[in-house]
Amino acid sequence: MTTEPEQSMHLHEAAAPESQHMGPPQARPTPSAATAPGHAYGDAERAAVYRAIRDRRDIEAGFRPDPVPDDVLTRVLEAAHQAPSIGGSRPWDFVVVDDPGLRARVRDLAAREREEYTRALPGTRSHAVPGLEVEAVLEAPLNIAVTVDPARGVHHAAGRHSRPASYASALAVENLWLAARAEGLGVGWVGLVDEHDVARALELPDHLEVVAYLCVGYVEEFPAEPEPGPGVSEWTRGRPLSWAVHRDRYGRRGLPGQKPTTLLEETITAIGALNTRAVEEARDRQNRMTKPPGSLGVLEEVSVRLAGLAGECPPPVPEPAAVAVFAGDHGVHAQGVSSWPQEVTGQMVHNFLRGGAVVNAFAAQVGAEVTVVDVGVAADLPRAPGLLPRKVARGTADFTQGPAMTREQAMQALESGIEIARDLVAAGNRCLITGDMGIANTTPSAALVCAYTGADPERATGRGTGADDTVYKHKIEVVRRALAANPVDAGDPIGTLAALGGLEHAALAGFVLGGAALRVPVLLDGVIAGSAALAAAAISPESVSAFFAGHRSSEPGHGLILEHLGLRPLVDLEMRLGEGSGALLALPLLQSAARVLRDVATFDDAGVSTAP
């Protein structure tokens, strides 16, 4: 039997060796102006600088018509002009736009973009967009377009022909914004418009690019908190600093004074059990609601689990929701386990991005956002809106000959999944939905089911995309050979995942662990997501509290998964498509369970008599 410390070692093996850590956090006194080395500002001056940074706001509406005095505007522009640039090239220009006709052109561009943007959003997101004001372009007393000339500067100025020129101009925008705040001016970034369209509207020379189009002026008030971005509701979490600070190597996270840790370690530490107080309150409320106790069946227990996960009763309704479709190819395809050619994986990714797949139709119906992740597609995929390039490798190795992935590849895919879960939740999503795409991926799924549950390959293996009897029998034998080539160590769940899984399985395992750490419900799809969830549960048993089975796949291995995890599916329609399709159909049921607990009155509230 593997001891708990040994298992922990397996879980965190990808962390840097202990000798490379920077040791325990040391107490570091915060220097005052009198003790800080160098030429620190005085306390009051330093506080003013940080206040300007903290109080910066993106103003969308509420500009006053008062003109900005010339001396104030000059000071603001001078501050912007002091931004750092490579070689002192100062590649920016500031076009101060007073002309009502020019501003009307930009306003019309923004209004058109807003309309198209709103149509493209899921329903729950589109409700947040009406507050996005484009009229500020006309209401603000002045507009400023910040441009960049990438070729500006003397010939020896380093970086003048590369992107650093644009980055320097972005720093000029930040200086302008902070100086404006110090002067009591509000600034709003018109982010909906295409910069090329703005350049044409302003009749700029061809060699200039627009970095930012800003509305500037005095405002009625500054919001106490930063405004949420386009299509985002007020409860958006945003990325905390701790997610963005890395030590020496990307992925070794740690704030100053803290011991660096891996993303997986950090995630596992954050995962906890259901909140017992919220669970008890939810059960009590279910018994007092205006309905016979137990009359909502499975949905009552779903609502209780949602409350325990959120730590409050009633829990928030899990909306908006996002489905992440992780795509990858498999070396075992060479063993003839699928009649579909491997290039279909990449072709289907293009179909997802065009909105032509079942996952797109179902997501549109239930108001979910679709994100596609290339974690291991064999083909090269061009960058496209909605596609996250996270390719670890061009598919896995043939696991009948040895491990499908190296441990390092599995860890990279795991942590990519965690990061995507974090980013989607930071963007305001309250429910994560698993999706997948990968020709031949039901074969490694069956192997994972066998490895984590102890099931025989004949029970765990299904027909996938429709294998005939001959291929089906061969597929079972391939799974047996994979298990023989990769002996399972029950104390090393990550090693098992690396040996037998696919890159999308590893990323999905990270995705569900990330959701559990953030205490948002994760709707699982079918056998691919389920086999990844087995890996996640083996890595962190408490993560299962965040898992909700969207449906029961007709793949036989999925029933074994549900039994092993103790999950009851919300939908059973004999589906086996994948993509996240079954989980998406279950989303309204999950949301209804939370809404009932929130909205239905109790007998006391409604003045309804109870049964004797």
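## Exposure and overall make-up

A residue is called buried when its relative accessible area is under 20%, exposed when it is over 50%, and partly exposed in between, using a 1.4 Å probe and protein chains only. The model is predicted: local features need pLDDT of at least 70, side-chain atom pairs count only at pLDDT 80 or more, and totals for chains, interfaces and linings use all residues. Residues are numbered from 1 along each chain as its sequence is written, and side-chain values use heavy atoms, with hydrogens and water left out.

Of the chain's 612 residues, 51% are buried. The chain exposes about 27,800 Å², with 53% of that area supplied by carbon and sulfur atoms; accessible areas come from the Shrake-Rupley method with a 1.4 Å probe, and for residues only the protein chains shown count as cover. The secondary structure comes to 24 helices and 12 strands. Helices (H or I, at least four residues) and strands (E, at least two) are DSSP runs, numbered from the N terminus. Of the contacts (heavy atoms within 4.5 Å) between residues at least 6 apart in sequence, 76% join residues at least 24 apart.

## Nonpolar cores

A nonpolar core is a set of buried Ala, Val, Leu, Ile, Met, Phe, Trp, Tyr and Cys residues joined through side-chain atoms within 4.5 Å. The largest such core has 113 residues, and Leu414, Ile433, Leu523, Phe547 and Leu565 touch the most other members. Leaving out residues up to four places away in sequence, Leu414 touches Leu264, Ile494, Leu497, Ala506, Ala507, Ala509, Gly510, Leu513 and Ile539. Another core, of 24 residues, lies apart from the largest one and includes Val76, Ala80, Ala83 and Ala179.

## The annotated position Glu579

An unreviewed UniProt entry lists Glu579 under "active site". UniProt positions are given in the numbering used here, feature names are shortened, and annotations may be inferred rather than shown by experiment. Glu579 lies in the loop between helix 22 (556-565) and helix 23 (581-599). With a relative accessible area of 5%, Glu579 is buried.

Not counting residues up to four places away in sequence, Glu579 touches Val323, Val325, Met348, Phe352, Ala357, Val358, Val359, Gly435, Asp436 and Asp525. A polar atom of the Glu579 side chain lies 3.0 Å from the backbone nitrogen of Val359. A polar contact is a pair of N or O atoms within 3.5 Å; within protein, one must be able to donate a hydrogen and the other to accept it, and residues adjacent in sequence count only if both atoms are side-chain atoms.

Ser303 is part of helix 12 (residues 298-310) and is buried, at 0% relative accessible area. The Ser303 side chain reaches the backbone oxygen of Glu300 at 2.7 Å. Apart from neighbours within four places in sequence, Ser303 is in contact with Gln286, Pro315, Ala593 and Leu597.

Pro588 lies in helix 23 and counts as partly exposed, at 34% relative accessibility. Pro588 and Gly367 are 221 residues apart along the chain, and their C-alpha atoms are separated by 9.6 Å. Tyr117, in helix 4 (residues 100-120), is partly exposed at 28%. Tyr117 and Leu192 are 75 residues apart in sequence and 8.3 Å apart in space, C-alpha to C-alpha.

## Backbone exceptions

Most residues other than glycine have a negative phi, and most peptide bonds are trans. A cis peptide bond, with omega about 0°, joins Cys313 and Pro314. The bond from Glu319 to Pro320 is cis too, with omega near -5°. Pro314 lies in the loop between helix 12 and strand 7 (321-328), and Pro320 is likewise found in the loop between helix 12 and strand 7.

Glu203, not a glycine, has a positive phi of about 55°. Glu203 lies in the loop between helix 8 (195-201) and strand 4 (209-218) and is exposed, at 61% relative accessible area. Ala440 is not a glycine either and has a positive phi of about 80°. Ala440 sits in the loop between strand 10 (431-437) and helix 16 (442-453), where it is buried at 9%.

## Cysteines

Taking a disulfide as a pair of cysteine sulfur atoms within 2.5 Å, the count comes to zero. Cys313 is partly exposed, at 22% relative accessibility, whereas Cys431 is buried, at 0%.
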